[in-house]
Amino acid sequence: MSRRSPIPKMPWAADHQWQVKLSAVFVICLSMALMGIGEGLLVLANLGSSPWTVFSQGIALQTGLSIGTIIGIVSVIVLLLWIPLGLRPGVGTILNIIIIAIFVDLAVDNIPIPDTLTIRIVFMIIGIVVFGISTTFYLSCQLGAGPRDGLMVGLCLKYNWKVGTVRTLIEVIVCVFGFFLGGTVGISTIIFALGVGWIIEATVILFRHIK
């Protein structure tokens with residue numbers, strides 16, 4: 001079975017997950033900042049949370065713990081799922097946790113709240129597209145993935161599945177569980193779950209053609 005990484009190694013990529021290579025660090029920081037802005041646009045659109053947020057919200061409702069606490073617990077559990085997949089954390093794993101959260105807050109605090117449904121839909125579409133494309137850029141740096149993206153990469157490596165298929169399955173599964181646990185699902189949630197994996201897949205295909 002092929003163990004070829006589902007994300008092409010681009011010219012800016014590091015040689016290993018803990019190498020502080022200037023080009024890789026620049027691209028990964030920029031990509032994660034854009035991911036945070038993309039998530040912030042989804043928040044401002046107010047048309048539904050991302051599937052993992054719905055999942056965490058549902059567990060929080062059932063346990064009485066805060067969403068932030070649940071997000072942390074879920075991240076640790078997902079990291080444990082890396083073990084049988086043979087994955088290891090890297091610089092990107094740490095940066096993922098820090099940078100995205102900072103830029104979500106910056107986007108929400110500084111971008112005006114849309115006052116029409118049309119602008120909210122535009123925010124939603126831009127947010128999902130930017131998030132998907134930026135995810136591929138940061139993973140191409142080969143500096144390690146965040147907990148959820150690492151799970152996607154690990155499953156692709158283990159079973160030689162397409163990124164789009166794996167990511168869509170993961171997003172749909174956590175969304176369904178979150179919904180039945182009481183999490184709030186909106187149109188953004190559904191489009192994100194069904195679409196972001198294929199945006200990543202399309203960017204991967206583009207990378208393979210231009211590398």
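The largest nonpolar core of this predicted model has 55 residues, and those with the most contacts inside it are M32 and M152. A nonpolar core is here a set of buried Ala, Val, Leu, Ile, Met, Phe, Trp, Tyr and Cys residues joined through side-chain atoms within 4.5 Å, where buried stands for under 20% relative accessible area, exposed for over 50% and partly exposed for what lies in between, with a 1.4 Å probe and protein chains only. Two or more residues are given to this core by each of helix 1 (22-45), helix 2 (51-63), helix 3, helix 4 (91-110), helix 5 (117-140), helix 6, helix 7 (163-180) and helix 8 (187-210), and the largest share, 10 residues, comes from helix 1. Helices are DSSP runs of H or I with at least four residues, numbered from the N terminus.

Residues are numbered from 1 along each chain as its sequence is written. Local features need pLDDT of at least 70 and side-chain atom pairs count only at pLDDT 80 or more, while totals for chains, interfaces and linings use all residues, and side-chain values use heavy atoms, with hydrogens and water left out.

Leaving aside neighbours within four places in sequence, M152 is in contact (heavy atoms within 4.5 Å) with L139, V163, V166, R167, I170 and I200.

We turn next to pairs of helices. Helix 3 (residues 67-85) and helix 6 (residues 147-159) pack at an angle of about 20°, with their axes 9 Å apart; axes are lines fitted to C-alpha atoms over the stretch in contact, and angles run from 0 to 180 degrees between N-to-C directions. That makes helix 3 roughly parallel to helix 6, a term for angles under 35 degrees. Among the residues that meet are S75, V78 and W82 in helix 3 and R148, L151 and K158 in helix 6. The residues of this contact divide into nine nonpolar, three polar and two charged.

Helix 2 and helix 7 pack at an angle of about 30°, with their axes 7 Å apart, and they are therefore roughly parallel to each other. In helix 2, P51, W52, V54, F55 and G58 meet residues of helix 7 that include I170, E171 and V174. By class, this contact has nine nonpolar, two polar and one charged residues, where Ala, Val, Leu, Ile, Met, Phe, Trp, Tyr, Cys and Pro count as nonpolar, Asp, Glu, Lys and Arg as charged, and the others, Gly among them, as polar.

Helix 2 is also the place of S56, which is buried, with a relative accessible area of 2%. Leaving aside neighbours within four places in sequence, S56 is in contact with I67, I70, I71 and V74.

Note on methods:
Angles under 35 degrees count as roughly parallel, over 145 as roughly antiparallel, 65 to 115 as roughly perpendicular and the rest as oblique.
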